Amino acid sequence: MKEYRIRLEEVSDYFEVEKMVRRAFWDVYRPGCVEHYLLHDLRKNDNFIKELDFVMESNGKIIGQNVFVKAKIACDDGKTKDVLTMGPICIDNDFKRQGYGKILLDSTLEEARNLGYKAVLIEGDIAFYGKSGFQFASDYNIRYHGLPKGADSSFFLCKELEEGYLTNISGVYSTPQCYMIDEEKLKEFDQNFQ
């Protein structure tokens, strides 16, 4: 049986979590990574939800983390629909492929539901996120901002936390501006790490 606990992140955890995130994402999607700086920067943003900023521990060691940010769908009828986006989410390299990621994901999604949030939109792999109930956002008539019509949008996923919340809408989702990285600031921040 896995021994773990999921709790809210504390300020004293920040650097340890950033180091773990940096190790987990290093050279995965690009040379080096941005996720540790992104996390550092997100925590200061007004759309960051402190009540949904989680770490996972095993035997007193932080082995995972996940965060949520407020986002919106610009509906075709001119209205907007409040949703969440999520991430970075990661598990420490030494604990990957042992089921901790799904446990962390499912637990934190449940916490978001408990706080009254209705839907989550993310960029991710359906092979992993589909196991936790995510579907293609196109199934909900939600398009990804800037993606040409007919382009592959299989990376763009959605999960309703309240059934029916996204029924009878169509619209466009844009990644919140707080996810855009300043490469110069990233280089400067990266000097804090070995």
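The structure holds 11 aromatic pairs. Keep in mind that this is a predicted model. Let us start with one of these pairs. Y37 and F189 form an aromatic pair of the tilted kind. Their rings are 5.4 Å apart, centre to centre, and there are 50° between the planes. Why does this pair tie together separate parts of the sequence? Y37 belongs to helix α2 (residues 35-42), while F189 belongs to helix α5 (residues 183-190), so the pair joins parts that are 152 residues apart in sequence.

Are these two residues buried or exposed? Y37 has 6% relative accessibility, so it counts as buried. F189 has 9% relative accessibility, so F189 counts as buried too. Together with F15 and F193, Y37 and F189 form one aromatic cluster.

Now turn to another pair, Y144 and F155. The ring centres are 5.0 Å apart and the planes stand at 80°. Planes over 60 degrees apart count as edge-to-face, so this pair is edge-to-face. Y144 sits in strand β8 (residues 142-144). F155 sits in the loop between β8 and β9 (156-160). The two residues are 11 apart in the chain. Y144 has a relative accessible area of 18%, so it is buried. F155 has 27%, so F155 is partly exposed. The cut-off for buried is under 20%.

Rings can also meet charges here. The charged end of R43 sits over the ring of Y14, 3.8 Å from the ring's centre. Likewise, the charged end of K81 sits over the ring of Y165, 4.3 Å from the centre of that ring.

Next comes the interior. In soluble globular proteins, nonpolar side chains tend to be buried together. How many residues does the largest nonpolar core have? It has 22. Those with the most contacts inside this core are F68, M86, L109, V120, Y129 and F134. Which elements give two or more residues to the core? They are β2 (48-58), β3 (61-75), β4 (80-86), α3 (100-114) and β6 (119-123). Helix α3 gives the most, with five residues.

Take L109 as an example. Leaving aside residues up to four places away in sequence, L109 touches F68, M86, V120, S132, F134, K159 and L161.

How values were computed:
Residues numbered from 1 in each chain as written. Predicted model: local features only at pLDDT ≥ 70, side-chain atom pairs only at ≥ 80, totals over all residues. Heavy atoms only, no water. Core = buried A, V, L, I, M, F, W, Y, C linked by side-chain atoms within 4.5 Å. Buried < 20%, exposed > 50% of the residue type's maximum accessible area, 1.4 Å probe, protein only. Helix = DSSP H or I, 4+ residues; strand = E, 2+ residues; numbered from the N terminus. Contact = heavy atoms within 4.5 Å. Phe/Tyr/Trp six-rings, centres within 6.5 Å; stacked < 30°, edge-to-face > 60°. Lys NZ or Arg CZ within 6 Å of the ring centre and 35° of its normal.
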